[in-house]
Amino acid sequence: MEPMEYCRRKVAPDGSSLYYALLFAPASTRDGLTALAAYRAEVLEIPREVSDPGVGAVKLNWWQEELERLAAETPRHPITQALLPTLQHHQLALEGLNEVVEASRMDLEYGRYPTLRELTLYCHRAGGAVADLAWRIGGSTGMDAAPFAHDLAMGLELTRMLRHLRRDVRAGRLYIPEDELTMSGLGSDDLLAADRSEDVRALLGRQADRARRFLDSAIGQLPDNARPEQTYGLILAVLHRQLLESIGRDGYAVTDRQVHLTPLRKLWLAWRTARRPHKVHPRPESSST
């Protein structure tokens, strides 16, 4: 399998959010953005794929060595082989890729986050550093898109965490700050209870609201002159914000089922965003997921 085909199959199958975000991204950026997303997914999957932390540590050490090979322009893995031309073309530093390894290590060693501060650090490492590379691949000049990338990454990570809550809690990982869980008078077992209480729904609603605020902040901070180059990120923001709306309408039943947007709905939202990126605005503060 060719390296880019490996990356596409990994993160952008037909009908996925990434598929539509990439479909409307500038053609010159698609391969780099695909490889970058595939790298993030590959490394962050390690804690979910291994039952022995020691095995996971070995895998992460291999990836750190692979990043050294990437820096030397001799990568072995299909993903880093696909990523190399983009890194060379844009002269991108590798620190952001190292951050993803550290995020995976946090998951492997802890898997729970005492406060929002620690969870924010994880989100930065898992998504923020990659988003920073993505906006540079997009071609924005100066630092105009940097605040957009930061808040976009936070919103995307928090939305994914809410959507995959059942899978993660069952695996012993929790991406809700433990102090917020405690203040709600809940334990992690309560999140999986068949008869979810109003306290559980309120807690999950607050997590959704936090994610939405980050997505809206990202949209609001992106200057008009940077929007055409950042269509990829804008589409992801719009799709994940719509996903949060659907989760809210479903009563935050994320421990019962995984909420999806239909491919047709994703296509419509992506097309509309790409066609009129300047018309995408944050929702009013009074709106609620």
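The side chains of E99 and R125 form a salt bridge, with an N to O separation of 3.4 Å; a salt bridge here is a side-chain nitrogen of Lys or Arg within 4 Å of a carboxyl oxygen of Asp or Glu. E99 belongs to helix α7 (residues 95-109) and R125 to helix α8 (residues 116-138), so the pair ties together parts that lie 26 residues apart in sequence. Helices (H or I, at least four residues) are DSSP runs, numbered from the N terminus.

The model is predicted: local features need pLDDT of at least 70 and side-chain atom pairs count only at pLDDT 80 or more, while totals for chains, interfaces and linings use all residues. Residues are numbered from 1 along each chain as its sequence is written, and side-chain values use heavy atoms, with hydrogens and water left out.

**Salt bridges**

Side chains of opposite charge can pair when their charged atoms come close. The structure holds 21 salt bridges, including the pairs tabulated here.

| Pair | N to O distance |
|---|---|
| E99 and R125 | 3.4 Å |
| R167 and D168 | 3.1 Å |
| R201 and E198 | 2.9 Å |

Accessibility is classed as buried under 20% relative accessible area, exposed over 50% and partly exposed in between (1.4 Å probe, protein chains only). E99 is partly exposed at 25%, and R125 is partly exposed at 22%.

R201 and E198 both lie in helix α13 (residues 198-221), where they are three residues apart, about one turn of the helix. R201 is partly exposed at 26% relative accessibility, whereas E198 is exposed at 56%. Elsewhere, E5, R8, R9 and D31 are linked in a network of salt bridges.

**Packing of α1 and α6**

Helix α1 (residues 3-11) packs against helix α6 (residues 78-90) at an angle of about 110 degrees, and their axes are 8 Å apart. Axes are lines fitted to C-alpha atoms, for helices over the stretch in contact, and angles run from 0 to 180 degrees between N-to-C directions. The two helices, α1 and α6, are therefore roughly perpendicular to each other, a class that covers angles of 65 to 115 degrees.

On the α1 side, P3, M4, Y6 and C7 make the contact, and on the α6 side P78, I79, Q81 and A82 do so; contact means heavy atoms within 4.5 Å. The residues of this contact divide into seven nonpolar, one polar and no charged. In this classification, Ala, Val, Leu, Ile, Met, Phe, Trp, Tyr, Cys and Pro count as nonpolar, Asp, Glu, Lys and Arg as charged, and the others, Gly among them, as polar.

Conventions:
Angles under 35 degrees count as roughly parallel, over 145 as roughly antiparallel, 65 to 115 as roughly perpendicular and the rest as oblique.
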